[in-house]
Amino acid sequence: MPKFVDPVQRRESIADALFAIVLRQGLSKVSLRTIADETGLAIGSIRHYFSGADGIVRFALETLVERVGDRLEARLADMLPKLDAGSIDRDQAKELTVDFLSELLPLDETRRRESVVWLAFEEEARTTPELGDVFETSVRGTRALMARVVESMSARGVLHAGLDAQAEAETLAALIDGLTLRSALHPEVLAPERSRELLAAHLEKLRA
């Protein structure tokens, strides 16, 4: 009797193989052959799910965005009720906010790997327009998320009066981008835990 193969799980495993190749050798080394070697599958089996390496790259990028997004949504679902209930003080609210935003920083091995792969994808997208829409959607989503955080802080009266919420959201997004880049690629220069401290310090400066 033929063995059942879950197509969703198989596609995810192929995406994970691409991530492993990117981490070790860079995105330029991704091909059907290297993915086949990484997964132990025949090229024909991979073609059953993807027509070529370009399709795998796009799917892997979408998978990465979805995984990070799911974690952020889970953290948000846990954080908002605590904030809305008013049962925690302002310092606790700030720590919750820092923990939430730190999900985007490479503070553990999973997030470090994701950050390195993301940066490799971002460089590829500079010359590959076919990936541009995925990045645009992700970047806009991140900016919207930062705006939501700033608006939440403002609504609770914890920000300096007169702050431009939109400008602060853009600044926060740029700060997280920079911290991620530096601590993911050069942890000896900026230790990941230090990046969290800098994020917390920035939020502290915004508080009234």
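What is the volume of the largest cavity? In this predicted model, the largest cavity has a volume of about 110 Å³. The chain that holds this space is built from nine helices and zero strands.

**Overall architecture**

- The C-alpha trace of the chain spans about 65 × 40 × 30 Å along its principal axes.

**Confidence of the prediction**

- The chain has a mean pLDDT of 89, and 97% of its residues reach 70 or more.
- Helix α2 has the highest confidence, at a mean of 96, whereas helix α7 has the lowest, at 85.
- Where pLDDT is low, the predicted coordinates should not be read in detail.

**Contact of α1 with α2**

- Two packed helices are described by the angle between their axes and the distance between the axes.
- Helix α1 covers residues 7-25 and helix α2 covers residues 32-39; their axes come within 9 Å and cross at roughly 105°.
- On the α1 side, the residues in contact are Ser-13, Ile-14, Ala-17, Leu-18, Ala-20, Ile-21 and Arg-24; on the α2 side, they are Thr-34, Ile-35, Glu-38 and Thr-39.
- By class, the residues of the contact of α1 with α2 comprise six nonpolar, three polar and two charged.

**Contact of α6 with α8**

- The axes of α6 and α8 come within 10 Å and cross at roughly 105°.
- The angle therefore makes α6 roughly perpendicular to α8.
- Helix α6 contributes Arg-112, Ser-115, Val-116 and Leu-119 to the contact, and helix α8 contributes Thr-180, Leu-181, Ala-184 and Leu-185.
- Of the residues in the contact of α6 with α8, five are nonpolar, two are polar and one is charged.

**The cavity**

- Rolling a probe the size of a water molecule over the atoms shows where empty space is left.
- A search of the whole structure finds one cavity of 30 Å³ or more.
- The lining of the largest cavity consists of Leu-83, Arg-90, Ala-93, Lys-94, Thr-97, Ser-152, Met-153, Arg-156, Val-158 and Arg-207.
- Helices α5 (90-101) and α7 (132-155) are the elements that give two or more residues to this lining, and α5 gives the most, with four residues.
- The lining of the largest cavity has four nonpolar, two polar and four charged residues.

**The largest pocket**

- The largest pocket holds about 770 Å³ of space.
- This pocket is lined by 33 residues, of which Val-68, Leu-104, Trp-118, Ser-138 and Thr-142 are the closest to its centre.
- Helices α4 (53-85), α6 (109-127), α7 and α8 (165-185) each supply at least two residues of the lining.
- Helix α7 provides the largest share of the lining of the largest pocket, ten residues.
- In terms of class, the lining of the largest pocket has 17 nonpolar, seven polar and nine charged residues.

**The second largest pocket**

- The second largest pocket contains about 170 Å³ of space.
- Leu-27, Val-30, Ala-53, Asp-54, Val-57, Arg-58, Glu-124, Thr-128, Glu-130 and Leu-131 line the second largest pocket.
- Helix α4 gives the most to the lining of the second largest pocket, with four residues.
- Five nonpolar, one polar and four charged residues make up the lining of the second largest pocket.

Definitions and conventions: Residues numbered from 1 in each chain as written. Predicted model: local features only at pLDDT ≥ 70, side-chain atom pairs only at ≥ 80, totals over all residues. Heavy atoms only, no water. Axes fitted to C-alpha atoms, helices over the stretch in contact; angles between N-to-C directions. Contact = heavy atoms within 4.5 Å. Nonpolar A, V, L, I, M, F, W, Y, C, P; charged D, E, K, R; others polar. 1 Å grid on protein atoms, 1.4 Å probe; cavity = no way out; pocket = protein on both sides within 12 Å on 5 of 7 lines; lining within 4 Å. Points joined across faces, edges and corners; volume = space filled by probe spheres on them. pLDDT = per-residue confidence, 0-100. Parallel < 35°, antiparallel > 145°, perpendicular 65-115°, else oblique.
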